Amino acid sequence: MGSPWKGFVEFTLPASPPTAFVSADLSSTSPVGLSLSPYGRSMSFDPGMLHNNGHTAYANGSGPGIRETGVVEKLLTSYGFIQCSERQARLFFHCSQYNGNLQELKIGDDVEFEVSSDRRTGKPIAVKLLKIKPEVLPEERISGQVVSSVPLNLDGKAAPGQVPTGSVCYERNGEVFYLTYTPDDVEGNVPLETGDKVSFYMETNKHTGAVSARNIQLVKKKQARCQGVVCATKEAFGFIERADVVKEIFFHYSEFKGDLEALQAGDDVEFTIKDRNGKEVATDVRLLPQGTVIFEDISIEQFEGTVVKVIPKVPTKNQSDPLPGRISTRIGFSEKELPFGEKDTKSKVTLLEGDHIQFNISTDRRDKLERATNIEILPDTFNLTKETREMGVIAAIRDGFGFIKCVDRDARMFFHFSEVLEESQLHISDEVEFTVVPDMLSAQRNHAVRIKKLPKGTVSFHTQSEQRFVGVVEKEVVSASNKNTSPTKGKEKEAEEGVIAYEDCGVKLTVPYHVKDLEGGTYPQAGDKVEFCINEVKRTGHQSAVSIRVLNRNASNSRRLHGFVAALKDNFGFIETANHDQEVFFHYSEMCGDVDNLELGDTVEYTLSKGKGNKVSAEKVTKVAAVNGTGEDVGASVLAGKIIRPIRSVDPSQTEYQGLIEVTEEGGDKGQNYAFGIMGMTNKADCLQKGEHVKFQVCTVTQTGQKMACNVVPQRRAPVECVKDQFGFITYEVGESKKLFFHVKEVQDGVELQIGDEVEFSVVFNQRTGKCSACNVRRVSEGPKPVATPRPDRLVNRLKSITLDDASAPRLVILRQPRGPDNSKGFSVERKTRQPGVID
């Protein structure tokens, strides 16, 4: 049935002044406010919805009150533009036409509106805007992870109305997809961070086709990375001291990402905390640069204080405090007590209660706990503690510890290097001051602590009288007889004490003395008048005579003779008499003094005695100052000769002591023989063999007038047979051996000998091994240089056949660049092209 209305009709309603357009279709209800019955018998209207702020209700052929949808394309302070969804149109709208909170309207929001026309311009505009809630796809929630969080502050860079966005990602069938989101898309207004686990729905904008995440829920916050320091390493696991709380955490070596061999206690690390079997463990442990983790802040200012409680050396079973020590100090106007631990002292020197110390204050960043650290003892602490200080001398030093010879104690005192106050290293004979404390592990033992080095001359074990006394030797020193003693097997046993009688203030007294306290080398005998000082040991009060000097020799004593040491064997030796014509046996037990100080040619004083079998020997042998040698009247001419008989120490089978030299050079003395002894040789240790050529001078013995050879120098020349690393051999016959051993250090001027070099040398006899060796080796002339062997003809011909351009020729590949002796690269001489077959 056709509608009786044709087009549009205009009428006026008295209740509302504005003009309104109504549709002729009576079968619909207009949203504008006018309702017509399909039978035309009644109508109603809403006056409130007809007020359009001076705009007409429809335009461009649209029916009155028809609602359209669109997307906010642009949004400014008081107006914006909408892109229509059903048609190609861009409509203006005023912000006053938005029905809702304008702050929630954003670019891209879907809106519903009516189209009207501007009264002034007649252009279509959008009015009565309503925001359309986005339709959530009816899908299950998707699990993903925040890739980038929404920036909190854009610093004014965003355009007006632009909403900051973040992004999330999820995985589907091995592929990763990324979606954007806004803060309004997060449920509960929870701040999200990169790495957080989330769940969400996906929404597709039907106008733009963009897919975004909506209704985002936080599932699990990202596990934060923690930092710490490795505090202990075991066989397959370790522990880390955390930097966020005062606590240690376990980690297994399988969780360490890096070189496990390089991991050690004290390394800075970062890790992730996970819960396993109800316990926290560190996982994904990685190294950090050294110094990254800082637990505490240490004050720059240094403070002074007093130790009120020391750390026990042996911790008790109930001790759980990691900082058991206490220091009292004044900070500002208040007294404060600070704890400290074993690692807070600069050194391991023992601290005692009452010590005056200097320290810094450390504040833990985790719990703000303050403690004393960098503790060091101040020099004036010994005046405040009133501890008993003792003195002594370093007697022995071992690896990490040593022993002190005490002034006031008999026993040596043990000490550890960690107890030395100064950083300077101690040496034997250094004088020190120390405190004696009982050993914590053994109450019967003491040891020295808090050791301070003293200047030389501070420590004295005894006092010596300034007054000199005169007395008479009542008892001589008797040497301890030891048949096995020798210069090579140890020192002589301690001799028995002698006794000197003297008077002091009319009182007759006696005092002991020792050989080491004699002056001048003269050995005092019973009845000799001597002068001396008295030495008293501080520790025991024991007195002895020192600085003893013989004043008058007792005439009744046996006659003392002078001689020269001619030979030294294992436990005995021989003395050449003053006339140089005989030798006298002596045993080391008759030596007054240290046998180790005796050398060939030394002047000695002795007394003759007869032993078993009426054999003459020397006794009471004493080393004295050197006297003239063979004689004073030495001829100026130097003669050449040959050894026709060595001295008896070289050939013990002969009966005569003296050796003989026959003059061999042309002249009036040719064929004449001259005797010589140990004092006639320039080098007393030289082993002159029969048949060796020598040069010498002639002198006259003062006592006998005999002419003897003196200043005898061997003329040995021989080629070098071979040279090893640190030794070699000379082609020279000595006894049964046809070659003579020498050490490289015996070569004069540091010359490097080669095979064939001609050398001059001396021969010495080793009493311990019974073998001869060369010393004072001097090169006279160089031997022939080795001639390079020419290359074989076959090799030369082959080299000539090779050309540099031949591709099939052998090629050299550089495996390692050369380095010189000074570790410099390359060669100093420029490299030239080598001609094949030509030897430079």
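Tutor: Ile661 touches Gly641, Lys642, Ile643, Ile644, Gln672, Asn673, Tyr674, Phe676, Val694, Phe696, Ala709 and Val712, leaving aside residues up to four places away in sequence. This is a predicted model, where local features need pLDDT of at least 70, side-chain atom pairs count only at pLDDT 80 or more, and totals for chains, interfaces and linings use all residues. Residues are numbered from 1 along each chain as its sequence is written, and side-chain values use heavy atoms, without hydrogens and water.

Student: What makes Phe676 a contact of Ile661?

Tutor: Contact means heavy atoms within 4.5 Å. Phe676 is listed among the residues that Ile661 touches, so the pair meets that cut-off.

Student: Why is the set with Ile661, Phe676 and Phe696 called a nonpolar core?

Tutor: A nonpolar core is a set of buried (under 20% relative accessible area; exposed is over 50%, partly exposed in between; 1.4 Å probe, protein chains only) Ala, Val, Leu, Ile, Met, Phe, Trp, Tyr and Cys residues joined through side-chain atoms within 4.5 Å. The largest such core has 19 residues, and Ile661, Phe676 and Phe696 have the most contacts inside it. Therefore these three count as buried and joined in that way. Strand β45 (693-700) gives the most, with 3 residues.

Student: How do you know that β3 and β4 pair?

Tutor: Pairing takes at least two DSSP bridges between two strands (E runs of at least two residues). Antiparallel β3 and β4 have 5 bridges, so they pair. Val71 is bridged to Gln83 in β4.

Student: What is the confidence over residues 1-63?

Tutor: pLDDT, the predictor's confidence in each residue, runs from 0 to 100. Over residues 1-63 it stays under 50. The chain mean is 80.

Note on methods. Helix = DSSP H or I, 4+ residues; strand = E, 2+ residues; numbered from the N terminus.
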